[in-house]
Amino acid sequence: MPGRSFRRATIAVLAVLIVGGTSVSPAGASAREGHLFGDPTPSATAAEAVPGIPPSGTSDSAVYLDEAGQVVSMPRSEAAVPRGDGFRCTPDSGRDLPHVSKNKVDASGHGWWDKGDCSSNRAKVFNCLYEYFTDHTWRRQACSPTKELRPGGGSSDRTVARRKCHTFVATAWRNHVEVDVIGELDTAEKPMREKVIACRVQ
């Protein structure tokens, strides 16, 4: 029957849209996010989006984009990771709040690590800064070099991501850190800290 064929075709198209591809434009990411999480705040289109401060209640529905506008996978938070499962260890992933650096012109954030329930004395660490945009995306603006660090942090055992501010208007930023413990299997979380600071890149 024509009606049944139309419904089957529609379902097939929807399935392709849902599972196909790993990247979406900022506008597409925003539309999908609003649909899934029921965000009552209208989203700006990608062309209209500007840096800003997210509405309350949207922190758990973030879409992350890299510099090319491709979706970045962001594993679960450190707090949600079980420890001591006998298979993967969980390091303590250190990160500070995003802040304006001492030179007064850069957004900045640091990353470090501590052992947690891991036993290694070395880990590869890097951190990245994300700026919030009004299409409900967090856009990557800077990443530190990856460094092999001892546990514990301190000025000599941490990474730094930095990006020059174009204007000094209040904007939300996130600092995510990733730790890869050398010689051990570890969990894949990329925990973050978020703060509104007087810095906009775009």
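## Close-up views of a predicted model

**View 1. T45 in the loop between α2 and β1.** At 38% relative accessibility, T45 is partly exposed in this predicted model. T45 belongs to the loop that runs between α2 (26-37) and β1 (63-65). Its C-alpha atom is 8.3 Å from that of T134, although 89 residues separate T45 and T134 along the chain.

**View 2. Strand β4 and its pairing partners.** Strand β4 spans residues 106-114 and is largely enclosed by the rest of the structure, because seven of its nine residues are buried. Strand β2 (residues 92-95) pairs with β4 in the antiparallel sense over four bridges, with S93 opposite W113.

**View 3. The β3-β4 hairpin.** Strands β3 (residues 99-100) and β4 are joined in the antiparallel sense by two bridges. Five residues lie between the two strands of this hairpin, and K104 in the turn has a positive phi of about 70°. H99 has S108 as its bridge partner in β4.

**View 4. The surroundings of S108.** S108 lies in strand β4 and is buried, with a relative accessible area of 1%. Beyond its neighbours up to four places away in sequence, S108 touches L97, P98, H99, S101, L129, V160, A161 and R162.

**View 5. The disulfide between C89 and C118.** This link is one of three disulfides found in the whole structure. The S to S distance between C89 and C118 is 2.1 Å, and the link is right-handed, with 90° about the S-S bond. C89 lies in the loop between β1 and β2 and C118 in the loop between β4 and β5 (123-133), so the pair ties together parts 29 residues apart in sequence. C89 is buried at 7% relative accessible area, and C118 is buried at 7%.

**View 6. The disulfide between C128 and C143.** The sulfur atoms of C128 and C143 are joined at 1.9 Å. The torsion about their S-S bond is about 105°, so this disulfide is right-handed. It connects strand β5, which holds C128, to strand β6 (residues 137-143), which holds C143. C128 is buried, with a relative accessible area of 4%, whereas C143 is partly exposed at 33%.

**View 7. The disulfide between C165 and C199.** The sulfur atoms of C165 and C199 lie 2.0 Å apart, and the link is left-handed, with -110° about the S-S bond. C165 lies in the loop between β8 and β9 (167-181) and C199 in strand β10 (residues 192-200), so parts 34 residues apart in sequence are tied together. C165 is buried at 5% relative accessibility, and C199 is buried at 0%.

Key
Residues numbered from 1 in each chain as written. Predicted model: local features only at pLDDT ≥ 70, side-chain atom pairs only at ≥ 80, totals over all residues. Heavy atoms only, no water. Buried < 20%, exposed > 50% of the residue type's maximum accessible area, 1.4 Å probe, protein only. Contact = heavy atoms within 4.5 Å. Pairing = 2+ DSSP bridges. Disulfide = S-S within 2.5 Å.
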